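Here are a few notes to go with your first look at this one. Please have the model open while you read.

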Amino acid sequence: MPEADELDDEEEMPLSLRLSIADTLTLGNATCGFMAVYFTTTGILIPHLTGSQETGMARHSAATAVILMLCAAVFDLFDGLVARKLRSSPMGAELDNLSDLISFGLAPAYFVLVYGMVADDAHQRVAAVGAIVVLLAVVLRLARFSCVTVKDGTFQGMPSPFGALTVVSIVLLELPFVATLMAIIGTAWLMVSRVEYPKPRGRLAVAMLSWIVTSMALLAAWAFDAPGGQLLLQTGCALQLVTGAVIPLFATARRVNNFRDNRREARAAQLP
């Protein structure tokens with residue numbers, strides 16, 4: 001009988017601990033987020049604290065950190081697709097939330113914090129507050145995602161990968177500090193708002209993947225100081241920011257139109 005109990009334990013434990021292909025992609029997401037923090041620290045923060053004047057290294061490290069966040073977004077995109085096509089382990093949902101917290105919560109918030117320490121016109125303590133707001137917005141968003149059920153095909157609030165890339169784009173635009181901080185706080189608000197965002201499926205997933213690859217190319221051109229690289233990067237960051245602002249407008253307009261249509265139908269039903 002003890003041998004039978006041990007056999008049952010051996011059969012049950014691997015089922016709960018075995019990683020699926022989707023889980024492996026999710027762990028890749030977490031790894032990219034951690035490495036983004038590493039490059040932000042070693043390539044931007046430490047040279048600034050030690051008085052290094054090597055701007056090229058800072059540019060390369062910033063580009064590498066953002067590219068790693070983009071890679072994390074790719075992993076996040078594909079782990080959901082693979083989980084739907086194949087299978088996911090019992091740990092899948094928890095792993096996804098924890099990885100998203102690292103890559104799209106901690107990494108962009110830390111990027112904002114370091115920006116507040118190295119930028120000439122920035123205020124370190126105020127930037128730290130903005131970084132905390134970003135981190136808490138992602139924490140609240142991920143917690144709500146696990147508890148609230150929304151209609152199929154939509155997210156409630158800006159998805160955390162999109163929000164993280166928008167926050168980083170705002171920093172890379174090199175706007176005045178006050179404008180940068182207000183835009184970052186606005187993005188954090190969108191992440192915890194009830195504005196509906198479409199889920200990246202089908203053509204939208206292909207478009208999102210194409211945009212990520214394009215963003216990587218723009219960052220590479222900027223990092224290696226290619227002709228027009230600065231302008232190309234700022235154009236890409238501006239498009240990211242405009243997209244994040246336009247989608248809520250379309251969602252709000254659609255909600256208003258639906259509300260008006262429902263009122264008209266209700267009035268028509270009341271007529272004799």
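1. Start with Phe-39: its relative accessible area is 26%, so this residue is partly exposed. Keep in mind that you're looking at a predicted model. Tyr-38 is partly exposed too, at 40%.

2. What kind of pair do the rings of Tyr-38 and Phe-39 make? Their centres sit 5.3 Å apart and the planes meet at 80 degrees, so it's an edge-to-face pair. Over 60 degrees is what counts as edge-to-face.

3. Now look at Phe-162 and Tyr-197. With ring centres 6.5 Å apart and planes at 50 degrees, this pair is tilted. It ties together distant parts of the chain, since Phe-162 belongs to helix H6 (residues 160-172) and Tyr-197 to strand E2 (residues 196-198), 35 residues apart. Both Phe-162 and Tyr-197 are buried. A search of the whole structure turns up three aromatic pairs, including the two described here.

4. Another ring to check is Phe-155: Lys-199 lies over its face, 5.3 Å from the ring centre.

5. Phe-155 comes up again in the largest pocket, where it is among the residues nearest the centre, along with Asp-76, Leu-77, Pro-159 and Pro-200. The volume of this pocket is about 1,200 Å³, and 42 residues line it.

6. Which element gives the most to that lining? Helix H3 does, with eight residues. Other elements that give two or more include H6 and E2, the two that hold the tilted pair.

Notes. Residues numbered from 1 in each chain as written. Predicted model: local features only at pLDDT ≥ 70, side-chain atom pairs only at ≥ 80, totals over all residues. Heavy atoms only, no water. Phe/Tyr/Trp six-rings, centres within 6.5 Å; stacked < 30°, edge-to-face > 60°. Buried < 20%, exposed > 50% of the residue type's maximum accessible area, 1.4 Å probe, protein only. Helix = DSSP H or I, 4+ residues; strand = E, 2+ residues; numbered from the N terminus. Lys NZ or Arg CZ within 6 Å of the ring centre and 35° of its normal. 1 Å grid on protein atoms, 1.4 Å probe; cavity = no way out; pocket = protein on both sides within 12 Å on 5 of 7 lines; lining within 4 Å. Points joined across faces, edges and corners; volume = space filled by probe spheres on them.
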